[in-house]
Amino acid sequence: MSVIDTLLLPIERVTIRLVEIWRGARLRKAVAAQWDRTRRAPMEWGTLYAFLLVLLGLLLLDQPLALLMKETVTGDVEGFFKVVTDLGLGALWLVPSGLLVLVFLLARRIALSPATRDRYSRLLWAPAFVFLSVAIGGLLNNLLKYLIGRARPALLFEEGLATFTPFSHGWAVNSFPSGHAQTAAAAAVSLAIR
């Protein structure tokens, strides 16, 4: 039996049990009532759902998935993830977008005609938006890291510790939320919007 089969077997059993429960009318009515509440207040309920999913992920998936990935991911797959991780380096996005902002500001300043100044002013907003998205997102991310204090996976792998130490500045306890993931997401979303 493969690792995937081993992981999917309990999921299949749970799915079969959920289908049996769903066939009872009481659960369907409860879900329909909750759906109506969610439609009336989507932000509140969506926030609660997201929080509960993150909490369930931390309780049920975090450690087993980290240990499984540590044991099984090697070679090219590991190299791929390292490249993806590098896309989350802040300097990769902040330096070019910041330089473009400076170039467009300077070009706008020395432009001879008002039409050219307007053109550089319009061009300025795209790199400024990327820069501010990544920078402000990074600041908020660091605040969350400080408030949450999640231990790094290295502590789990080396010492078996997967703890939370809120209000801590140490490198070992600032792994969540991921700065690389936040940077890559902020850059991607700002580029998609702009």
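What volume does the second largest pocket have? I open with that question, and the answer is about 310 Å³. Please keep in mind throughout that the structure before you is a predicted model.

Let me stay with this pocket for a moment. Its lining consists of Thr6, Leu7, Pro10, Ile11, Leu60, Leu61, Pro64, Leu65 and Leu68. Two helices, H1 (3–22) and H3, each contribute at least two residues to the lining of the second largest pocket. H3 gives the most, with five residues. Sorted by class, eight of the lining residues are nonpolar and one is polar, while none is charged.

I turn now to the largest pocket, whose volume is about 1,400 Å³. It is lined by 35 residues, and the closest to its centre are Ala66, Thr85, Pro153, Phe157 and Ser178. Which helices each supply at least two residues of this lining? They are H3 (42–72), H4 (75–86), H7 (153–159) and H8 (179–193). H3 provides the largest share here, namely ten residues. The classes in the lining of the largest pocket are 19 nonpolar, nine polar and seven charged residues.

Helix H3 also meets helix H2, which spans residues 25–40. The axes of H2 and H3 come within 5 Å and cross at roughly 115 degrees. On the H2 side, the residues in contact are Gln34, Arg37, Thr38, Arg39 and Arg40, and on the H3 side they are Pro42, Trp45 and Tyr49. Taken together, the residues of this contact comprise three nonpolar, two polar and three charged.

Next, two individual residues in the helices. Thr183 lies in helix H8. Is Thr183 buried or exposed? Thr183 counts as buried because its relative accessibility is 7%, and the limit for that class is under 20%. The side chain of Thr183 makes a polar contact with the side chain of Gln182, at 3.3 Å. Setting aside neighbours within four places in sequence, Thr183 is in contact with Gly88, Leu89, Gly90, Trp93 and Val134.

Gly79, for its part, is found in helix H4. With a relative accessible area of 30%, Gly79 is classed as partly exposed. Between Gly79 and Gly160 there are 81 residues of separation in sequence, and their C-alpha atoms are 25 Å apart in space.

Finally, I draw your attention to the loop between H7 and H8, where both Phe167 and Pro177 are found. As background, most residues other than glycine have a negative phi, and most peptide bonds are trans. Against that background, Phe167 has a positive phi of about 60 degrees although it is not a glycine. Phe167 has a relative accessibility of 55%, so it counts as exposed, the threshold being over 50%. What is the form of the peptide bond from Phe176 to Pro177, cis or trans? This bond is cis, with omega near -5 degrees.

To close, I return to helix H3. H3 supplies ten residues to the lining of the largest pocket and five to that of the second largest pocket, and the axis of H3 crosses that of H2 at roughly 115 degrees. Thank you for your attention.

Key
Residues numbered from 1 in each chain as written. Predicted model: local features only at pLDDT ≥ 70, side-chain atom pairs only at ≥ 80, totals over all residues. Heavy atoms only, no water. 1 Å grid on protein atoms, 1.4 Å probe; cavity = no way out; pocket = protein on both sides within 12 Å on 5 of 7 lines; lining within 4 Å. Points joined across faces, edges and corners; volume = space filled by probe spheres on them. Helix = DSSP H or I, 4+ residues; strand = E, 2+ residues; numbered from the N terminus. Nonpolar A, V, L, I, M, F, W, Y, C, P; charged D, E, K, R; others polar. Buried < 20%, exposed > 50% of the residue type's maximum accessible area, 1.4 Å probe, protein only. Polar contact = N/O pair within 3.5 Å; in protein donor to acceptor, adjacent residues only side chain to side chain. Contact = heavy atoms within 4.5 Å. Axes fitted to C-alpha atoms, helices over the stretch in contact; angles between N-to-C directions.
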